[in-house]
Amino acid sequence: MEIPYVVHAREDTGLNNGKIGIWLFLASEVMLFGALFATYILLRVGAPTWPHGSSILNVPMATFNTAVLISSSVTMVMAWASVMRRRFTAYRLYMGATVLLGGVFLVVKYFEYSTKFHHELFPRTNTFLAIYFTLTGLHMLHVIGGMVVNAYFWGPGAKLYHQNPEWFANRIENCGLFWHFVDLVWIFLFPVLYLL
Amino acid sequence: MGDHSADIDKHVRIYVVVFVSLMALTLITVAISYLRLPLPYAVAVALAVACTKGSLVACYFMHLISEKRLIFLVLALTVVLFLVLMLLPIMTVANRVQVP
């Protein structure tokens, strides 16, 4: 039996299965990060002293990473627009750039983390570093997850484009929704951890 | 969202404008942080800029500006539960007994 509403939207909701599924997943993700943000607030207001993020962390590096993630969001949405325009080569370029930019973000984060460890700054060192590593570590796992899915749709998963481009466009839009969410989380993490 | 080619061309132009705005807002938020404002003002300004950037990403990159009603209902429930989560630490602090 064929599963309904995989490609075309239901008449009553105007949504296909994938779209409603990814938004429900993102709602659960908001609560996951929300719980950690609430923990951050509780720890910060309860602490007798709290360091300014820039006194421990590297603001220029994080600013560069913010620009990288914003750029990757643009290439992601351009990858979707390319599929909608039925320009497969452009899609491949934009999706490839999105995966590469995700890689750049992780490399910068690797240098940030290794500098901290080199200076004997670990999650156990103080409460600020504990919440910093927890929040950025969880965010990095999301970047890696998004990169794996995007790389799949850049490579083997792109076969679907030639069989059913409309279905493929839906999938890329859903991948994009997750990737933009990852960008959105970083937009809040950056000022909260580095600039306050 | 409208999926016709002309619509997509219009969207692409909007994406470029949003991209430039996001980059500018990132630089603004970093520049403001160097002013070392008192903490309540610094928090208010940083969160205001972050909310503006977040809204741009959600509205245009995530197409929320033209999304269906059911998605908004899911998000409305999420916002309510998220606010409860944020209120929990604030209420905990407000209830704290001051030790002399």
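How many residues of chain A are in contact with how many residues of chain B? That was my opening question for this predicted model. I found 37 residues of chain A in contact with 37 residues of chain B.

**Entry: chain A's side of the contact**

I next looked up which elements of chain A supply this side. α1, α3 and α7 of chain A each supply at least two of the residues that touch chain B. α1(A) gives the most, with 12 residues. I then sorted the side of chain A that touches chain B by class, and I noted 27 nonpolar, 8 polar and 2 charged residues.

**Entry: chain B as a whole**

Chain B was a quick read: I counted 3 helices and 0 strands, running α-α-α from the N terminus on. Why do I call chain B more spread out than a compact globule? Its radius of gyration is 19 Å, well over the 13 Å that the globule rule gives for 100 residues, so the chain is more spread out than such a globule. I also checked the box filled by the C-alpha atoms of chain B, which is roughly 70 × 35 × 10 Å along the principal axes. Of the 100 residues in chain B, 17% count as buried.

**Entry: a closer look at α2(B)**

I picked out α2(B), which has 23 residues. From its first C-alpha to its last, this helix reaches 32 Å, close to the 33 Å expected at 1.5 Å a residue. Which residues of α2(B) are buried? I listed B:A46, B:A50, B:K53, B:L56, B:V57, B:Y60 and B:F61, so named here with a lysine, B:K53, among them. The buried residues of α2(B) pack against α3 and α7 of chain A, together with α1 of chain B. Just after the helix, I noted that B:H63 takes a positive phi of about 60°.

**Entry: the largest nonpolar core**

My last stop was the largest nonpolar core, which has 65 residues. Those with the most contacts inside this core are A:A79, A:W80, A:V83 and A:I172. Both chains take part: α1 (17–46), α3 (59–84), α4 (88–118), α5 (127–154) and α7 (165–195) of chain A give two or more residues each, as do α1 (5–33) and α2 (39–61) of chain B. α7(A) gives the most to this core, with 18 residues.

Methods
Residues numbered from 1 in each chain as written. Chains lettered and ligands numbered in written order. Predicted model: local features only at pLDDT ≥ 70, side-chain atom pairs only at ≥ 80, totals over all residues. Core = buried A, V, L, I, M, F, W, Y, C linked by C-beta atoms within 7 Å. Buried ≥ 20, exposed ≤ 12 C-beta atoms within 10 Å, placed from the backbone. Helix = DSSP H or I, 4+ residues; strand = E, 2+ residues; numbered from the N terminus. Contact = placed C-beta atoms within 7 Å. Nonpolar A, V, L, I, M, F, W, Y, C, P; charged D, E, K, R; others polar. Rg over C-alpha atoms; globule rule 2.2 N^0.38 Å. Expected span 1.5 Å × (residues − 1).
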